[in-house]
Amino acid sequence: MLTALVFVPAAVALLMFALPRRTTPTVVRVVWILLSALELALVIAMWTGYSTNGGMQYEQRARWIPSAGVGYHVGVDGLSLPLLALTCLLFLACALYSLRENRRIREFAALFLFLETTCLGLFAALDLILFFVFFDLSIVAMYFIIAGWGHRQAARAALKFFLYTFIGSLALLLGFIGLYLAASPHTFDMVELTRQNPLAGRSLYGGLVLLAIVAGLAVKTPTVPFHTWLPLAHVEAPAAGSAILAGVLLKMGTYGFVRIAMPMLPEAWRRYALVLVVIGVLSVLHGALVALAQTDFKRMVAYTSVNHMGYIVLAIGAAAATADSSAQARSLAVTGAVTQMVSHGLLTGALFLLAGVLYERGRTYDMDSYSGLAAVAPAFAAMTGIAAFASLGLPGFSGFIAEFQIFTGSLGPRPLATSLAVIGILLTAGLFLRALRQLLMGPLHLPDAPGTPRAFPDIRIHEGLAVVPLLVLAVVLGVAPRFLLDIIEPASRSVLELLAR
Amino acid sequence: MTEMNENPLDLLPEVLLAASAVLGLLLGSWLPRARQWAVGLLACVACAAGIAAASVAAADPATTAFGEAFAVDPVTSTSRIVVLGSTLLVLGLSFGPLRGHPRESEFYVLLQLAALGALMMAGTQDLLLLAAAYLLASIPAYTLAGFRKDGPGTEAALKYYVIGALLGVLMLTGITILYATGRGTAYPMLGDALRDAPKMLIATGAIGLLAGVLFKAGGVPAHFWVPDAVQGSSPPVAALLTTIPKIGALAALFRLGDVVFADSTLPWPPLIAVLAAASMTLGNLGAFFQQDVKRLLGYSTISQVGYLLMPVAVAGRSDLAQQALLYYLAAYTVTNLGAFAVVCALPHAHTLDDYRGLAKQRPLLAASLVICLLGLVGTPPTTVFLGKLEAFSAAFDGGYAWLAVLAAANTVASLFYYLRWIVPAVSRGGSSSSADGDRAERVMAYAAAAISLGLGLAGGPVLDVLAGSISH
C-alpha cells in the first residue's frame, strides 16, 4: 500500500506523456486532480489503519542492491505519517490551484506528480540511499518547475537553488557513506543503523559524520547561514511551486534531523547540540529581522520560513540536553518540532498560494503597490488575515500549538536561547500585522503597470478550494490537536530514548 | 611453472574480433561500395558473439592463458563486455553517416582493431603485451581521428598522434627500466621482485609506464589531446575515443596497482590519488565555459577519469575498489555514449545554443540528453550514481576520505556546466537545427539512456558479479 502510495503519481506522470499530443488540457487537469485526491484518500486510509502504539508500520522491504548494502525498505511511523498526509494535502491544493495554469499544462502536471512521488518516497524511506535518491530527485524536479514556469529571473534562481541544495545533498551522501562504513556488516538500512548505533564511542569520526549530515540537511532546511538560496528561489518560482517548496521540501531537512541524525548519531548529537541551538536561535532572529525589512510580500513570507524552521532546529537541539531537565519536557520539544513541520506546511503553503493570487491580479509582489484590498476582495482579505494570524502563532491555530510546545519543552534545558527566540514571535507578529495593514486597509490602490487589469477580482472558486482546506485544518489542529499529537508523541518519545543511549 | 596453457579459446572474444577485422578488410576489398555495410554487420556479429563468449567465460573461475600473460578474471570479463558493448553502440552510430562512404569498410576495421587493443590492455598481465596492446589501441585511433580528412580532423589526428607517440616512447622506456629492475615482465613476478628493489628505479619506470597508460585513459597530465581530438573528429569517433581506450587503460592501471606496485617501495596509492584529484579538478575547470558541445564533453571525460582513478588508487587497500571501478566504468561508458549519441543524432548542432528548443521538437531525445547529462553528474537513480557511491565508499574505506570530499565538491562544480547544456535543451524557442540525423542514432541515444537508467535501478545483481577475485 505504501509502495503504491509512493509510486502511483510517477507512473501516472509517465502515462501523461503517452497521451496523444492532441489531448485537451482539461483531461490533464482532471487526471491530475483526481489522482491527487486519490492519494489523499489513500493516506487517510493509512492514517485510520495506523495503530497509535507507535513503532514502524506498513513496512515493506525488498532486495535491491544487496552487495552495496542498499535495500528497498519503506515504512511509516509517527514522524513520517503526518508529513505524508501533509504532502498529499498540499499537492491536492496545488493541483486545484493550478486549474487555470495554461502554460504547458501536461509537462507541469507530470512534473508535479513526479515531485509528489519523490516527496512521499523520502518521508517513507527507511534506507539511506533510498532517502538520498528521493532527496536528489526532488531537487531535479523542483529545478525544472522553477526554471520552466517561474518569473523573470527564474533561470538564475533555479540554478542557485540547484547548486546549493546539490552541495548539501553531496555532503549528506558523504555522511551516509561514513555511517555505512562504520556499520558491520556494512549497510544503509536506517532501522539497522539505528539499532547498531555504529559510531558509539568514536567521537572524532562521529563528529565528522554528523557535520556532513547536518550541513547537508541545514542547506535544505534552510538555516542561517545556508539560507541564501531560499528567498530568490521562492520569489521566482510559480505559486504552486513555492507552496510545495516551502510546505514540503523544507521539511525534508528537518525530518532528516529527527529521522537520521538524532537516532543514528546520539552521542555526537548530544555533544554538539549546543551548536544547533545557536543556529536555531540565529535562524529565528535573522529570519524575522530580514523579513521585517522586506517590501516584497513573497520574499517576506520566504524569510518567515527561515524563522519558523529556526524554532524546529532550536527544539531538536534543546531536546538533546541531558539529565537536568525532565524527559517529558524534552519529549514536548520534539513533538512540538514535528507539529511545527505540519503547521508550517499548511500555513506557508496557504500564504504562498495567496501570494500567487496577488501576483496573478497585480503582476507584482510589491506590497507598497497595493492597499485597501479588503474592500474589493473580502474573501481574499479574510484568508490572508487568517493565514497571517495563524502563522504568527495566535492561540487557536496550529502554529500556536506547535510553538507553545517548542518553547515549553526548550525553556527548561536552554532558558537563554529560548527567551531570545521568543523575541522572534514578537517580530513576526509585527511584520505580519504591518503587511496586513498595508495590503488590506486604507484607500483602494492597485498597481497600474501597463498591461495589468485594473480590477482586482476576489478569490475564484478553484483558488478558494485550494486555500480554504489548509486554513480549516490549521484551525482544527489549533483547537483539537489530539488526533495529531497521539500519533507524534510515541514517536518522539522513542526518538528521545534512542538519543539517550 | 605449470604447463603452459595455450588454448586460444580462452581468448575467444579477442580472436573473434581480430578475425572479423581481417575478414572485413578482405571482404571490403571485394564488395561494391553500396554493399560495404556488410563489413559493419560482420563487426556487429563479432561483437555480439564476443559478448556471449565473454559472459560464458565470466561464469568460470579466474584463470590465466598463455603462461601468465593474459588473465581471464572479472576485470577482463567486465572490460570485454563493456568494450564490445560500446563498440556495438559506436557501430550503430556510424552506420548512418558512413553509408556509401568510399572508405566505409576501413572505418569498421579500424574501429574493431582499436577495440581489440583496448581488450588486450584490459586483460594483459605482462608489460610487453601491454606495450603491444597500447600500440594496437593507438594507431587505429590516430587514423580514425583524422578520418574525415578535413582541417579540424587533421589537427585532431596530428595532436593525438604526436602526444601518443611521445608518451608511447616514454612508456617503452619505463617498461625497459622495470624489466631491468625486476628481471621480468610478468606482473606477478614483478610484484615479488619490486618488493625490495631500489626506489629510484621503480619510480622512474613507473612514471614512464604511467605516462603511456594515462595517455590512453585521457587523465591529467596526459590529457592535452582530449579536447582537441574530441572536437576535431566526427561524433562517432569522438564517442569511441572517450570511452573504449579508457576502459582498457583503467583496467590495466588497476592491475598494475593491485599486483605490481601494491607491495613495492613506491608510494603508488598517493600518486594515483593526486593524479585523480588533478584530473577531476582540471577537467571540470576546463569544461566550465565551453560553447562547443563536443569540447565540453571532452573536458567532462577528463574529470570522469579523475573519479575513475579513485578506486584505482585504493586498489588492494579496499575490498570495494574492484567492483567500484568496474561498475563505474560500465556506468560511465554507457552514459557518456548516450550523450554522444544525442550529439550524433543532431549533426548540425555544434554549440550549446543550437540545442535550444530541443524538448519541443524531439521530446524523447531531449529526455535522453537530460538523463545522460544528469547521469554524468551522478544524480540518482542513474547508474553513474551507484558507481559514484561505490567509488566514494571505496575511497573512504581505503583511507582517502579527502579524495572523496574533493570528488563530491567537483561533482557539484560539474553540475554547473552540464546545466548550461540542459537549460537550452529544455527551454522554449529558437528552433533552428531542424535537419536531423538518422533514426538509428536516435534509437541508440534512447537505448543508452534506458540502459543507464535501468542499470542504475537494477544494479544489485551486476555488482554481485563484479566482486569476484582478480587473478594474481
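How many residues of chain B are in contact with residues of chain A?

Author: Start with the ground rules. This is a predicted model, where local features need pLDDT of at least 70, side-chain atom pairs count only at pLDDT 80 or more, and totals for chains, interfaces and linings use all residues. Residues are numbered from 1 along each chain as its sequence is written, chains are lettered from A and ligands numbered from 1 in the order in which they are written, and side-chain values use heavy atoms, with hydrogens and water left out.

Now the count. 36 residues of chain B are in contact with 29 residues of chain A. Contact here means heavy atoms within 4.5 Å.

Next, the area. The size of an interface is often given as the accessible area lost when the parts come together. Between chain B and chain A, about 2,800 Å² is buried. Carbon and sulfur atoms give 78% of that area. Buried area is the accessible area (1.4 Å probe) that two parts lose on being put together, summed over both.

Which elements of chain B supply the side that touches chain A? α15 (363-377), α16 (383-397), α17 (401-426), α18 (439-457) and α19 (459-466) of chain B each supply at least two residues. Helices are DSSP runs (H or I, at least four residues), numbered from the N terminus. α17(B) gives the most, with 11 residues.

Sort that side of chain B by class. It has 24 nonpolar, 7 polar and 5 charged residues. Ala, Val, Leu, Ile, Met, Phe, Trp, Tyr, Cys and Pro count as nonpolar; Asp, Glu, Lys and Arg count as charged; the others, Gly among them, count as polar.

What about salt bridges? There are 0 between chain B and chain A. A salt bridge is a side-chain nitrogen of Lys or Arg within 4 Å of a carboxyl oxygen of Asp or Glu.

Now zoom in on one residue. B:Q323 is found in helix α13 (residues 321-345) of chain B. Is B:Q323 buried or exposed? B:Q323 has a relative accessible area of 7%, so it counts as buried. Buried means under 20% relative accessible area, exposed over 50%, partly exposed in between (1.4 Å probe, protein chains only). Set aside its neighbours within four places in sequence. B:Q323 is then in contact with A:S67 in chain A. Within chain B, B:Q323 is in contact with B:E390, B:L463, B:L466 and B:A467.
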